[in-house]
Structure formats: C-alpha cells, structure tokens
Amino acid sequence: MCGIVGYVGQKQALPILLDGLMRLEYRGYDSAGFALYSKDHFEIKRNAGPVQGLIDLTQDCGKTETQGIAHTRWATHGAPNETNAHPHRAGEIVLVHNGIIENYSQIKEYLSKEGVQFSSQTDTEVFAQLIEFRRKEIAKKNPTQSAESTLLQSMKKAIDEVEGHYAIVLMALGIPGKLFGIQNGAPLVVSKLKDGALIASDIQAIIPYHNEVCFLPKGEIFIADKDGFHAKGLKFETIDWTADKVEKNGFESFMLKEIFQQPMVVADTLTGRLPLDQKSPFMWDHQKAHEVLWKNVKRLYLVACGTSSHAAMAAKYYFERWARLDCQVDIASEFRYRDPVFEPGTVVGVISQSGETADTLAALRLANDAGASTFSICNVPNSTIARESSFQYPTKAGPEIGVASTKAFTAQLTMLCALALDVGRLRGIQQTKDSAQKSFHGLARLPQDLDQVLSQSEAFIKIGEKLKNQRIILFVGRGTMYPIALEGALKFKELTYLPAEGFAAGELKHGPIAYIDPDVSIITLAPKDEWYSKTISNLEEIRARGGHIIAIGTEGDTEIQKISNEFIGLPKSAWGTQPILSVIPLQLLAYGCAKALGRNIDKPRNLAKSVTVE
Ligand code: M6R
C-alpha cells in the first residue's frame, strides 16, 4: 500500500527519494509523486502510473535541492489519477500521508464552510488543509511567534481533530532544512545518515543506506534536519537485513528468487532453536513462553489474513494432534468484528509476514484489550504487530518483496510446526502417534528436502504454462493438505488472474463436482499419508467425469500415476513437514502459468504487499 520517503541533509535529495520510491514499489501503488524544497517554493511532480513515469518527468529538476518528500499512493479516497496523487499542497505546507482519516468528510464540510477550496477527492488533502487552516489561525493570534512553533502547534491541534490510523511527513515554506511528521498507527522508520536524515514507511527504502534504524514511537511529532531526528522516545537499533537481500541477485523476479531461498529461510528460522538431540525443548525463551502463554492455556485462537491464515489453518492440525489443544483459526477481518470468547486461559497467536496488516493488528489489539495472552509470528523485525504482542516467535525469511507470499509462508509453517511440537512438550502430552518424533527429524532435514523439490522446478513451471487455457483450476487436499490446497489456489489466482478454487477433497461431491469436465484441471495433493486412500477415491470420482488431474504425490507412487494425467513426485517427509514441501510445486505452477500469460510476477494488479487499511 502507500509508501513514504523523506530526506533532508547535504546530498541531492531527488535521487534518494526516487530510489526509495522504487524500493517501495513492491508494496503496490497506482500513482507517485514528490516535492522538493527549493529556496522559496516547492517543486512538485506527480504522476498516475509507475514510478518510472514520474522519473521521466524529472529532467532538469532537483539538481540542487537537498530536502524533499515522496510518496507512492494506493488509492482509497478518490480515483488513482494525478490530481489525487501525493504530495498535497495546502498554502504554505506540502504533505504526504499513509493510512486513512476516518472523519475526513466532516472536516472537509467544516473547512468548506470556512471558505477552504479543495482540489482533490482525498482524505490526505483534508488533513493538509486542516493543518494549514489552524496554522493561519494561530499565526494571526501570535504574529511574533516563530514559524516553527506555529507549525508545531497547528499540527498538534489538527492531530487532535482527526480520527484514524495514519502517518504524515510534511515541509513548510519559511522553515527550510526541516521535515515534520508523526506516526499514528501507520509505521515510519528513520535513520540518521552521515550526511542527513532519511525517513520511510518501510525498512526496505532505508537498508541500502544504513542498517541502524528507529521505528518511530506512536503519537510523537518528530522534526528531522541534517543532524538527525528530534522526538521523544527514539531508540535506534541495528537490523540484520543487508542491501543485497533486497536485490534480485540475477533472478528475473523477486518471487522466483524468494521461492529458491526457501531452503535457506527454513534453516535460518530454525537455526539455534532446533534442539540437536531432538528431545529437549526448542531454544527460544522457554521460561517466559511457559509463563506468559502455555502454563494455563485452555484455548488457542490463531488469527491472520490471506496466505498467513493458511499457515494458521495447517497449524490447527499440529496443535490439536501434538499439543491436544483446542485451536480455532480465524480470519482477522472477521475475528475483530465478532464477539470472540476470551475466557481465562485463552491464548491468541497472530501470524503476519509484514507485521502491519490492519485487520490482524486490530485482532491483536482486541485480544490484548480483553486480557488474553498473545504471541506473534512475524517476519519483519520490530513491526507493529511484533511489538504489541506479549511474546514473539519471529520467522527469519528476510525481506519478502514479491507481493505473492512464498518464503514467508514456508517460514511460518516451519515455525508453527516447531512451536506445536514444543507446546506439546510443555504441556506434557504423551504422543500417541509417531508423527511428533518423525516431524522433529523432518524439520532437521527440511532444507535438504526442499532443495530436492526445487531441483524439479523446470518441470513444475512447464506444467504451469500448460494451465493457461483451462477454464478453472481446482486445488484439493485432505487433512494438512487442505490448507495447502487453499494456498495453491490463492497463489494461482493472485498471479494469473484466472479462476482457481481450493477445496477439502471430501467436499468435492457436495458441490464442486458439478462443474468438472475436461476443461477443468484438478490439482490434487495426495502424499502417502493417513488420508491417502480417501483422496484416491475422490480422484476416481473426478476421473470418471473427465477432469484433467494433476497429482502431487510421493515419489515412486505408481498407483496414483495410473489415474492422473500428470504426476509430480515429491520426497516422502514426515506428517508435519510434508505440507511445507508440498506448497513448493504449487508456487511454481502459479509462477509458470502467470509467466506464460505475461503477468507482472512481482506486482500483480490491484494487490498490495502490506495491507495497512481495512
Ligand atoms: O503481511 P501479512 O502476512 O499479514 O499479509 C496477509 C495477506 O495480505 C497476504 O498473505 C496476502 O494474502 C498475500 N498477497 C498472499 O500472497
């Protein structure tokens, strides 16, 4: 979603701002713009469409300016056109904004009655006009007060009047060399460089310059100048992400690179945590986890959105089996508006790659407010969700740039598999099935097994290419393969824009079987697990109706090959780790088909990487 970059210092600002915008492109946007502070005026350029279009407008521009703000906009209020693109100018100030101003229409009505004219349909311009309106009022009452004090007072006043979650960065004429702003529920990250101060909505735009960053505290107005940042409660820390982690490194897309990083990501997520004897507890802060979460747990809610919710669904099988825990999975946008029961002993775990998803964050806050114990599984260190949860089990997938989540999902599944095994131990559960011990081993050899699966990538991509003319693609599986089927369908539709649905295999005959014919491909996840024979029966039913079957099974399985049109054989892994292997071909099928259709792999249309609004 929207992205912010700001720089003030001694260097030419424009290249830094444009570089930052390109690094934020992955978040999803539909227009872009920047404003430079140029002696006694602002130089503003905006463009509907890609950042490259904005760059094309910059010849002869920004050669001397050392201060500016820039933005990529994902339209919420008003069409994605140049007029609604940020920055927005209101009198002496120019402003960029992420998030939503919920009471913008009341404020707009009030300001309109006061004679303020608006040029866009955005809530952002309303915020800018309100600050400017208050600034003029205060300046009139206190004409001798400094321009900076007047601006700060007007910002405070306007902030009290607006409702919503947002971040803003602004500049004001007459106050050169300074940026002002606040984060009020939408993150802003800042870094002090040798030659100035850099600010962005996301670490990706900062990491290439410096890895010491500070996530601005909520509700504190900051001032940035060439010497750094001035605000209460700033805590700088070093992030272990490096610039090369946000480059494609020879891959033709970030998504493909991220798919191939999965063995490493899984290893990183487990490094130092998997007990070498595979018997002792996992190595995170055990004492604290036990105290805060698991000692008195009676019910577990796992809450997330999109791909992360599929990881939660798979984890339900793990927690029920190994930890004998009542585990309910919820989509965050539903959970937050339902009336969930938080009895004593309720633990709520939220799962999020970005750690900034608005619905997931709201669900976490609901649980925190109700007094439940909470934990997070987040990929972005220090994200809002990570910070606001009582305990963190961080995944170590590194920056994920492709909008379609791949490596973050496998890292989440890995962490959830390990966590459920660990909670089973903490709760003293006697394992009655051998899946727990085997899954320990499965986790230890997962990077190797993933490498083996990825060695067949060309074959998976080719099968994907052939799917481009199918009328509809169904993904089916049973047990832990059901959430993987849902994930396969989500990946397929977001990348290819073709209709795809995921079902529990046993549900087919309750409806979907009606539309099965030779133009329908059914991708079936059927490893040799405890549900195998049931899934085979379902496949027979599909075959009898002429459906085109692509079976993803265990290597060497000849029985399934006889009843399917195409077969993908995967190494046999343990019950808990087989789902982690099985999602890889689905990612590559979607990739192959999307490529054959000429889709934008890293930035599918209409999608945003980090969904920070409802
Ligand atoms: O950052 P989060 O994990 O909270 O994001 C949740 C969803 O928006 C995300 O998984 C989305 O479904 C992806 N585009 C899927 O590939």
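In this predicted model, a polar side-chain atom of Ser354 lies 2.7 Å from an oxygen atom of the ligand, a polar contact being a pair of N or O atoms within 3.5 Å. An oxygen atom of the ligand is also found 2.9 Å from an N or O atom in the side chain of Lys491, and a backbone N or O atom of Thr307 lies 3.1 Å from an oxygen atom of the ligand. Taken alone, the ligand exposes 410 Å², of which the protein buries 91% (accessible areas come from the Shrake-Rupley method with a 1.4 Å probe).

The ligand sits in the largest pocket. A pocket is here an open set of points, on a 1 Å grid over the protein atoms alone, where a 1.4 Å probe fits, with protein on both sides within 12 Å along at least five of seven lines, and a molecule sits in a pocket if more than half of its atoms lie within 2 Å of its grid points. Two elements, α9 (306-322) and α17 (481-496), each give two or more residues to the shell around the ligand, helices being DSSP runs (H or I) of at least four residues and strands runs (E) of at least two. Because domain 2 (248-455) and domain 3 (456-600) both give residues to this shell, the ligand lies between them; the domain bounds come from an automatic or database domain assignment.

Of the 15 residues around the ligand, Ser308, Ser352, Gln353, Thr357 and Glu494 come nearest, where a residue is near if one of its heavy atoms lies within 4 Å. The residues of the shell divide into 5 nonpolar, 8 polar and 2 charged.

Two backbone features were also noted. The peptide bond from His86 to Pro87 is cis, with omega near 0°, and Pro87 is found in the loop between β4 (67-73) and β5 (88-90).

Residues are numbered from 1 along each chain as its sequence is written. Local features need pLDDT of at least 70 and side-chain atom pairs count only at pLDDT 80 or more, whereas totals for chains, interfaces and linings use all residues, and side-chain values use heavy atoms, with hydrogens and water left out.

Note on methods:
A polar contact is a pair of N or O atoms within 3.5 Å; within protein, one must be able to donate a hydrogen and the other to accept it, and residues adjacent in sequence count only if both atoms are side-chain atoms. On a 1 Å grid over the protein atoms alone, a cavity is a set of points where a 1.4 Å probe fits but cannot get out, and a pocket is an open set with protein on both sides within 12 Å along at least five of seven lines; lining residues have an atom within 4 Å of a point. Ala, Val, Leu, Ile, Met, Phe, Trp, Tyr, Cys and Pro count as nonpolar, Asp, Glu, Lys and Arg as charged, and the others, Gly among them, as polar.
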